[in-house]
Amino acid sequence: MPEPDEKMAKCIKTHRLKPKEVSKLYKTFQRFDKARTGVINFNDFLKSCEEKRTFFSDSIMECFDVQIDENGCIDFSDYLVFLVSYCMFEPPEIQKLCFYIFDDDKGGTIDAEELKMLMNTLYDIKAPNTVMGNAKGSWQKLEFSVDLKVDFEEFESMNHAFPWLFLPAYRLQNNIMLNIMGEWWWSSRKRRLQNEKDMLNAAMEKKKKKKEQKKKNAGMRHIRKRMGLIRY
C-alpha cells in the first residue's frame, strides 16, 4: 500500500480509519488497478457502481481537493479521500454540498435557474431536454419568492417536500457504498465515528463543568474567608 501523503493522512485522522480498514479499501482500489500502475480511471470506477462521470461528480471531487489527471485517472490517495469523504456524509451534508456547488457567488442563496441547473446536472440532462416523470412533476409544484431566490433553509424544505428533485445525489452515494464494502460497512463506521464524537463531547462537557465548579468553589472560599474576617 502507498505511503500516506498529507491529504490521505488527514482523511485517515478525520474519519478515524484503522490501518486494517485502509488496507481493505486499498484492495478495492486494486480491483480497478489490475496493471498495478498506481492509478485507476475514475469513469471506470463510477461505471462499476452503475454511475457515470458528470459535472456533479467532478464538482464533488473539486470540493474534496481531489485531482483527476489528463487521462481521467486518480491515485489511491485521491480515491480514498473521495470515497470516504462522500460515503461518510449524512443526508443533510449531501444537501449542503449540493447547495454549495451551485451557489456560484457563495452568497448563501441560489436562484431558480441555478436550482434547475442543479436538478438537470444530477439527472444528466442536456438542453433543450428536460427531466421527466416524478422529477418534472416535483419541479412544476415548486413555489418561489418574488426574487426567485432560495436560501438553504428553503432548499432543505424543497428537498423534504419533493425528494425526487435531488435523488441522484443520494443515489450516487448509495451505489458507491453498495459496490465498495457494502452499505453495512459504511453505516457501522458512521455510527462508530458519531459515538466517538459523542464521547469526546461528553468528556469536554464534563471537564468544563468541573472547571466551572472549581471556580465556583474558589469563589465560595473567598466569600467565607471575608465573612470570617467580618465575624472576627
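The side chains of R53 and D58 form a salt bridge, with N and O 2.8 Å apart. A salt bridge here is a side-chain nitrogen of Lys or Arg within 4 Å of a carboxyl oxygen of Asp or Glu. R53 has a relative accessibility of 35% and counts as partly exposed. D58, at 26%, is partly exposed as well. Buried means under 20% relative accessible area, exposed over 50%, and partly exposed in between (1.4 Å probe, protein chains only).

The model is predicted: local features need pLDDT of at least 70, side-chain atom pairs count only at pLDDT 80 or more, and totals for chains, interfaces and linings use all residues. Residues are numbered from 1 along each chain as its sequence is written, and side-chain values use heavy atoms, with hydrogens and water left out.

The protein chain contains 11 helices and 4 strands. These are DSSP runs (helices H or I, at least four residues; strands E, at least two), numbered from the N terminus. Of the 232 residues, 39% are buried. Contacts are heavy atoms within 4.5 Å. Among contacts with a separation of 6 or more, 69% join residues 24 or more positions apart. The chain exposes about 14900 Å², and carbon and sulfur atoms supply 54% of this area. Accessible areas come from the Shrake-Rupley method with a 1.4 Å probe; for residues, only the protein chains shown count as cover.

Helix 2 spans residues 19-32, 14 residues in total. From first C-alpha to last it reaches 21 Å, close to the 20 Å expected at 1.5 Å a residue. The expected span is 1.5 Å times one less than the number of residues. E21, V22, L25, Y26, T28 and F29 are buried in this helix. Seen down the axis of helix 2, these buried residues fall within an arc of 155°, so they line one face. The arc is taken from the directions from the helix axis to the C-beta atoms. P19, K20 and K27 are exposed on the other side of helix 2.

The structure holds 7 salt bridges. One of them joins E196 and R16, whose closest N and O atoms are 3.2 Å apart. This pair links distant parts of the chain: E196 lies in helix 11 (residues 183-231), R16 in the loop between helix 1 (6-14) and helix 2, 180 residues apart. E196 is partly exposed at 27% relative accessible area. R16 is partly exposed at 32%.

E21 and R189 form another salt bridge, 2.8 Å from N to O. Helix 2 holds E21 and helix 11 holds R189, 168 residues apart. Both E21 and R189 are buried. A network of salt bridges links R16, E21, R189, R192 and E196.
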